[in-house]
Amino acid sequence: MRVLVRRCWGSRPARGARPGGPRPQWRARVGLGGEDARDARVREKPPWRVLFFGTDRFAREALRRLHAARENKEEALIDRLEVVTMPSPSRKGLPVKQFAVQSQLPVYEWPDVGSGEYDVGVVASFGQLLSEALILKFPYGILNVHPSCLPRWRGPAPIIHTVLHGDPVAGVTIMQIRPKRFDVGPILKQETVPVPPKSTAKELEAVLSRLGANMLISVLKNLPESLNAGRQQPTEGATYAPKISAGTSCIKWEEQTSEQIFRFYRAIGNIIPLQTLWMANTIKLLDLVEVNSSILADPELTAQALIPGSVIYHKQSQILLVYCKVCFPLVSSYHSCFTVVIVCIIYYF
């Protein structure tokens, strides 16, 4: 007699489940012999055969950790590791493909997912909905390493929106993939970290990628138990993190305070240059810095009646100053109460 973990998509509650409680997505089943060929191949414990889906730097860290576990024969956690990534116009490919090639791992380009047999799939920053038919090919389903505290910031750009909205806390969630919708599956593991002051999205990504990779390994070490202990996401507090495009990178000085603009810059400045309109021309902002308080006290500035968007050249410091929207204490406790201006280095398109 042996215990098998089988995938259950049905609506009937598992035996022993509390009436009205969350529907379990996995159940343990005692096999008494006579299982079909597929069930006979299900592994009850590591080492696992893993198919990894990913693209960017965040995903590369998870793949790197999986590869290290595969190389560690004493740990015996990963038996086989193969990779699916997206096509790229670059000859080198995306970060995940570059690492896979360097590590001599089999690589497939979506929608090709290979034809091997795997125990579990792992997704990190892949950006494609996976069909139910594909999910069901994996006896233990597909796990997602998502860099937010779900249900907050579902979607493709959670780290950017964490910084953009000034969240004091970030996190990573290991969850089960569900078909047809992004980031709605049961939570297997979730951890939080404080967001460092003035952290950029790139800096936060490095922190969360390491956290997520370690959490993934922890879940894989106790995979059947983790799946059985999964919990449904709360219905409250769900937010969506859409992609940021060049069309949404335009600063509106009359609508945004300096704090909002700096969060915008820290969130997307290393991906898409911020833009603004000046004298009917579209310009890029290459760099933004907060202005020293001594400059703000200069009589040349304090004597002028300024409106948001006013551009002043400060001779002594040789910088351009741009006046932003003023935020008063009663408007929001998260924004500066003082009138702050910023400097920008600019050039014409």
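Glu82 touches Val50, Leu51, Phe52, Pro106, Tyr108 and Tyr118, leaving out residues up to four places away in sequence; contact means heavy atoms within 4.5 Å. This is a predicted model, in which local features need pLDDT of at least 70, side-chain atom pairs count only at pLDDT 80 or more, and totals for chains, interfaces and linings use all residues. Residues are numbered from 1 along each chain as its sequence is written, and side-chain values use heavy atoms, with hydrogens and water left out.

**Overall make-up**

- The protein has 10 helices and 14 strands. These are DSSP runs, numbered from the N terminus: helices are H or I with at least four residues, strands are E with at least two.
- Of the 349 residues, 45% are buried. Buried means under 20% relative accessible area, exposed means over 50%, and partly exposed lies in between (1.4 Å probe, protein chains only).
- Take the contacts between residues at least 6 apart in sequence: 67% of them join residues at least 24 apart.

**The sheet**

- Seven strands form an open sheet in the order E5-E4-E3-E6-E7-E8-E9, with mixed pairing. Two strands pair if DSSP finds at least two bridges between them.
- Strands E5 (107–109) and E9 (187–194) stand at the edges. Each has a single partner strand, so one side of each is left without a neighbour in the sheet.
- From one strand to the next, the twist averages 20 degrees. Axes are lines fitted to C-alpha atoms, for helices over the stretch in contact, and angles run from 0 to 180 degrees between N-to-C directions.
- E3 and E4 run parallel and are joined by six bridges. Within this pair, Phe52 stands opposite Val83 in E4.
- E8 (residues 169–176) and E9 run antiparallel, with seven bridges between them. Ile174 has Lys189 in E9 as its bridge partner.

**Strand E3**

- E3 (residues 48–54) is mostly covered, with seven of its seven residues buried.
- In a regular strand the side chains alternate between the two faces of the sheet.
- Both faces of E3 are covered. Trp48, Val50, Phe52 and Gly54 are buried on one side, and Arg49, Leu51 and Phe53 on the other.

**Glu82 in strand E4**

- Glu82 belongs to E4 (residues 78–85).
- Glu82 counts as buried because its relative accessibility is 9%.
- The Glu82 side chain makes a polar contact with the side chain of Tyr118, at 2.6 Å. A polar contact is a pair of N or O atoms within 3.5 Å; within protein, one must be able to donate a hydrogen and the other to accept it, and residues adjacent in sequence count only if both atoms are side-chain atoms.

**Helices on the sheet**

- H2 lies across E3, E4, E6 (120–124) and E7 (142–146), running at about 155 degrees to E4.
- H6 also packs on the sheet, touching E3, E4, E6, E7, E8 and E9. The direction of H6 makes about 35 degrees with that of E8.

**H2 against H6**

- Two packed helices are described by the angle between their axes and the distance between the axes.
- The axes of H2 (residues 57–71) and H6 (residues 201–221) come within 8 Å and cross at roughly 35 degrees.
- The crossing of H2 and H6 is right-handed. A crossing is right-handed if the near helix is turned clockwise from the far one by less than a right angle, and left-handed if anticlockwise.
- On the H2 side, the contact residues include Phe58, Ala62 and Leu66; on the H6 side, they include Glu205, Leu208 and Ile217.
- The residues of this contact divide into nine nonpolar, two polar and six charged. Ala, Val, Leu, Ile, Met, Phe, Trp, Tyr, Cys and Pro count as nonpolar, Asp, Glu, Lys and Arg as charged, and the others, Gly among them, as polar.

**Glu205 in H6**

- Glu205 sits in H6.
- Glu205 is buried because its relative accessible area is 14%.
- Glu205 and Phe58 are 147 residues apart in sequence, yet 6.5 Å apart in space, C-alpha to C-alpha.
- Beyond residues up to four places away in sequence, Glu205 touches Asp56, Arg57, Phe58 and Ile159.

**H8 and Ile251**

- Eight of the 11 residues of H8 are buried, so H8 is largely enclosed by the rest of the structure. Among them are Ile261, Phe262 and Phe264.
- Ile251 lies in the loop between H7 (223–228) and H8 (258–268).
- At 3% relative accessible area, Ile251 is buried.
- Ile251 contacts residues including Ile261, Phe264 and Leu285.
- Ile251 and Ile261 are 10 residues apart in sequence and 7.2 Å apart in space, C-alpha to C-alpha.
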